[in-house]
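Reader: I have a model open and want to learn how to read it. Can we go feature by feature?
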Amino acid sequence: MNFLLEMTRRHDIELHLTRLADGVRGYSVPERTIVIDVDLSEERMNWTFCHELAHLLLKHGDAERPISAQDEKEAHELAQDLLLPPETFRADAHRFSLPELKTRYPQASWEVIARTRVRHRPAILTIFDNGRRTLRMAPPPVNCPARLHPLEKTVKQTLEAGETIAEVRSDAIHVEGVFVDEGHDIRRIILIAESEEL
Ligand SMILES: [Zn+2]
């Protein structure tokens with residue numbers, strides 16, 4: 001069944017798809033209404049829905065207490081778990097490569113899958129959009145050096161040369177990468193590096 005339809009039924013949510021102002025992807029109205037921009041891609045709609053559902057479930061924001069940065073952080077993590085249920089995703093994160101996870105969880109974007117995977121399976125996640133590094137992070141206690149490891153560079157170059165999936169493994173480090181055409185002229189490279197040394 002369609003992911004959004006299933007979620008609205010399971011959580012008894014009234015969902016409105018409508019055209020929203022530029023920059024507004026969605027919002028929620030307590031107790032059970034979520035409004036989402038109809039022009040979003042399906043993956044973004046799913047993410048926005050889960051983010052807004054997280055705010056509702058966590059009872060964030062009212063007249064006296066507007067939504068805080070900490071609320072956003074909590075909503076972000078719960079949204080990941082609503083989109084990629086830890087009951088299955090935690091084990092799958094250790095078992096499967098990034099492309100295999102994308103096939104199993106088509107409701108989530110590559111980025112959400114990658115971010116959630118490193119939460120469950122600590123590693124360094126790096127994202128490049130049109131050649132510009134837009135993210136490099138690792139959950140503690142993983143060390144996250146600013147510079148790319150030589151094998152991360154190798155995987156990145158392989159993807160820049162036209163491959164859509166690349167992987168390199170040595171005794172010290174394992175690097176996976178994917179090339180994703182995100183649309184809107186955004187060509188994205190996602191790298192995940194795992195190492196005992198890093
Ligand atoms: Zn929010």
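Reader: Where is E31 placed?

Author: This is a predicted model. E31 sits in the loop between β2 (26-29) and β3 (33-37).

Reader: Which residue does a cis peptide bond join to P140?

Author: P141. Omega is about 10 degrees for that bond. P141 belongs to the loop between β5 and α7 (150-160).

Reader: Next, backbone phi. What is the phi of D12?

Author: About 55 degrees, a positive value, although D12 is not a glycine. D12 is in the loop between α1 (3-10) and β1 (14-18). The residue is partly exposed, at a relative accessible area of 46%.

Reader: And where is D185 found?

Author: In the loop between β7 (173-183) and β8 (186-195). D185 has a positive phi too, near 65 degrees, and is a residue other than glycine. Its relative accessibility is 63%. The cut-off for exposed is over 50%, so D185 counts as exposed.

Reader: On to helix packing. What describes two packed helices?

Author: Two things: the angle between their axes and the distance between the axes. Take helix α3 (residues 69-83) and helix α6 (residues 110-120). They pack at an angle of about 100 degrees, and their axes are 11 Å apart. Angles of 65 to 115 degrees count as roughly perpendicular, so α3 is roughly perpendicular to α6.

Reader: Which residues make that contact between α3 and α6?

Author: From α3, E77, Q80, D81 and L83. From α6, V112, R115, T116, R119 and H120. By class, the contact of α3 with α6 has two nonpolar, three polar and four charged residues.

Reader: Now α2 and α3. At roughly what angle do their axes cross?

Author: Roughly 120 degrees, and the axes of α2 (residues 42-57) and α3 come within 8 Å. The two helices are therefore oblique to each other. The crossing of α2 past α3 is right-handed.

Reader: Which residues of α2 and α3 meet?

Author: In α2, they are N46, W47, C50, H51, L53, A54, H55 and L57. Their partners in α3 are D71, E72, A75, H76, L78, A79, Q80, L82 and L83. Sorted by class, the contact of α2 with α3 has 10 nonpolar, five polar and two charged residues.

Reader: Let me try a single residue. Is H60 buried or exposed?

Author: Buried. The cut-off for buried is under 20% relative accessible area, and H60 has 9%, so it is buried. H60 lies in the loop between α2 and α3.

Reader: What joins the side chains of H60 and H55?

Author: A polar contact of 2.9 Å. Set aside the neighbours within four places in sequence, and H60 is in contact with H55, R65, I67, D71, E74 and A75.

Reader: One more residue. Is R132 buried or exposed?

Author: Exposed, with a relative accessible area of 57%. R132 lies in strand β5 (residues 132-137).

Reader: How many residues apart in sequence are R132 and E100?

Author: They are 32 residues apart in sequence. In space, R132 and E100 are 26 Å apart, C-alpha to C-alpha.

Technical notes. Residues numbered from 1 in each chain as written. Predicted model: local features only at pLDDT ≥ 70, side-chain atom pairs only at ≥ 80, totals over all residues. Heavy atoms only, no water. Axes fitted to C-alpha atoms, helices over the stretch in contact; angles between N-to-C directions. Helix = DSSP H or I, 4+ residues; strand = E, 2+ residues; numbered from the N terminus. Parallel < 35°, antiparallel > 145°, perpendicular 65-115°, else oblique. Contact = heavy atoms within 4.5 Å. Nonpolar A, V, L, I, M, F, W, Y, C, P; charged D, E, K, R; others polar. Left-handed = near helix turned anticlockwise from the far one by under 90°. Buried < 20%, exposed > 50% of the residue type's maximum accessible area, 1.4 Å probe, protein only. Polar contact = N/O pair within 3.5 Å; in protein donor to acceptor, adjacent residues only side chain to side chain.
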